Amino acid sequence: MLLARLVDVSQQVAATTARSRKIAALAELFADTRPEHVALVISYLAGRLPQGRIGIGWTVLRDPVPPAPHPRLTVSDTDTALTGLAAVTGPGAQAERKRLVRELMAAATADEQKFLVRLLTGEVRQGALDAIALEGVAKAANAPADDVRRAVMLDGSLPRVAGALLAEGPAALERFALRVGTPVQPMLAHTAKSVTAAIQALDAPCVVEEKLDGIRVQVHRSGEDIRVYTRSLDDITDRLPEVTLAAGQMQGDHFILDGEVIALDSTGRPLPFQDVSSRVGSRLDVETARATLPLSPVFFDVLAADGEPALDLPGSERHAVLARLVPEPMRVRRAVVDDPASAEQTAAAEEFFAETLRRGHEGVLVKALNAPYVAGRRGRSWLKVKPVHTLDLVVLAAEWGHGRRTGLLSNLHLGARAADGTYVMLGKTFKGLTDEMLRRQTDRLRELAVEDDGFTVTVRPELVVEIAYDGLQRSPRYPAGVALRFARVLRHRPDKPAEQADTIDHVLESRA
């Protein structure tokens, strides 16, 4: 398949808001794709490189290369070229990468070049592409979307399921089943503004559980074989001896548990997510890592027990199974709301939320007790509630958008005021912006522009925006050593001068 065909569909999907049109365009593309290439096509459309990070930045991409006059580059050619790029190491690697990139770009048309630049820099943004691609695969194979969705949930890989489905037809879905030892995409939650709002939205018996700020883990045990997987289904068993030890001491067998790994200080308060992430990501030997920062597993759900799937059981029954397998100290704290109409129980749930925050955790999850575990989905039966932090920050620069945001200044560089009158950058965000906000901020930032390199527009620090964020994290990339977590724009503040934006001292104080 020519890369130009993929690029054309990518542009179609990005340019329309109609879900049906996105699915139809993808279905037509997948129907014309050889099964062995489906995984690659889906990865490119979602902006993922099978090779992972390959060390290509703007210094390599900034010099333009004359485009090819006609499409001739195939998806397979592109994959081969990127595999070669990923293999370049050692002295002279940067020069060799630049040579190989220019060679690839010379074989690409202008539209293909633009796509490749976004692909290499992680700027392909299609919006919920995997969910739409799944329906496109189902349509192309004439298979029920729900059956394809369940196969992907249980197998953990849309590209793998798609390849089998398009090669063999709907009968291939029968072999995708829940198996201990094969990681499953975790169930996710939607958000609610408050515990009371979440209880009212569920309108059914529910439970309020502590939301822990750790590393999501899925633990599989079959006899003496214990495996630990991350939310992204990576195997990190060798980095978490505490978890394998805990799972090995449990009474049951052939089970799959869902939980978090956290770290606690000497008083029992949780340590920051970055501490946990650094420990899990470290390449220290096991004993050194454990001595550096001991970790604690905490479990909140069970997907299988004694070799039998538990996914379809209601939450109340799954918790009974979990309680049989997992000792109470390793189970998440919870408060049950039997009657969602009870003002007394709702008040108790709100107090549980407040106490959870006082204990240092990031919020709660409110879960319907009658709902199954829907792997890989952001289900409406799980609602997360977290306190909202906001800051008024100054826009220091903005990046030109892609797809539907082409021609609009989208990704904002955000800064807080320093004592000397300069601004300290705290991160970037393109989230929360409506079409109207994008239009207005583009007009205003063009008026404030002092430099435009074709990718980023540097502006006079005058536009203030109100930003919601989930907290701060350590970041060596930024001068204050911290960055905003999950920042999103709430509104522009044209009424507020930059001199009244929040200071970096205020930001750092809020972290304490």
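Reader: How many helices and strands does the protein have?

Author: The model is predicted. Its secondary structure includes both helices and strands. The protein has 18 helices and 19 strands.

Reader: What radius of gyration does the protein have, and what would a compact globule have?

Author: The C-alpha trace spans about 65 × 65 × 50 Å along its principal axes. A compact globule with 512 residues would have a radius of gyration near 24 Å. The value for the protein agrees with that, because it is 25 Å.

Reader: What share of the contacts with a separation of 6 or more joins residues 24 or more positions apart?

Author: Buried residues make up 50% of the 512 residues. For the contacts with a separation of 6 or more, the share from residues 24 or more positions apart is 71%.

Reader: How far apart are the mean positions of the positive and negative charges?

Author: The protein carries 64 positive and 67 negative charges.

Reader: Which residues of α8 are buried?

Author: Helix α8 covers residues 129-141 and reaches 18 Å from its first C-alpha to its last, close to the 18 Å expected. An α-helix has 3.6 residues a turn, so residues three or four places apart point the same way. The buried residues of α8 are Leu129, Ile132, Ala133, Leu134, Gly136, Val137, Ala138 and Ala141.

Reader: What covers the buried residues of α8, and which residue follows the helix?

Author: The cover includes α1 (3-15), α2 (19-31), α3 (35-45), α9 (145-155) and α10 (158-168). After α8 comes a residue with a positive phi, near 55 degrees, and that residue is Asn142.

Reader: Is Gly214 buried or exposed?

Author: Gly214 lies in the loop between β2 (206-211) and β3 (215-222). Beyond its neighbours within four places in sequence, Gly214 is in contact with Glu260, Val261, Ile262 and Phe273. Buried means under 20% relative accessible area. Gly214 has 12% relative accessibility, so Gly214 counts as buried.

Reader: Which residues is Ser381 in contact with, leaving aside its neighbours within four places in sequence?

Author: Ser381 lies in strand β10, residues 378-385. With a relative accessible area of 15%, Ser381 is buried. Its contacts, with those neighbours left aside, are Met187, Leu202, Val366, Lys367, Ala368 and Ala371.

Reader: What distance separates the C-alpha atoms of Ser381 and Val394?

Author: Ser381 and Val394 are 13 residues apart along the chain. Between their C-alpha atoms the separation is 37 Å.

Key. Residues are numbered from 1 along each chain as its sequence is written. This is a predicted model: local features need pLDDT of at least 70, side-chain atom pairs count only at pLDDT 80 or more; totals for chains, interfaces and linings use all residues. Side-chain values use heavy atoms; hydrogens and water are left out. Helices (H or I, at least four residues) and strands (E, at least two) are DSSP runs, numbered from the N terminus. The expected span of a helix is 1.5 Å times one less than its number of residues. Buried means under 20% relative accessible area, exposed over 50%, partly exposed in between (1.4 Å probe, protein chains only). Contact means heavy atoms within 4.5 Å. The radius of gyration is taken over C-alpha atoms; the globule rule is 2.2 Å times the number of residues to the power 0.38. Lys and Arg count as positive and Asp and Glu as negative; His and the chain ends are not counted. The place of a charge is taken as NZ of Lys, CZ of Arg, CG of Asp or CD of Glu.
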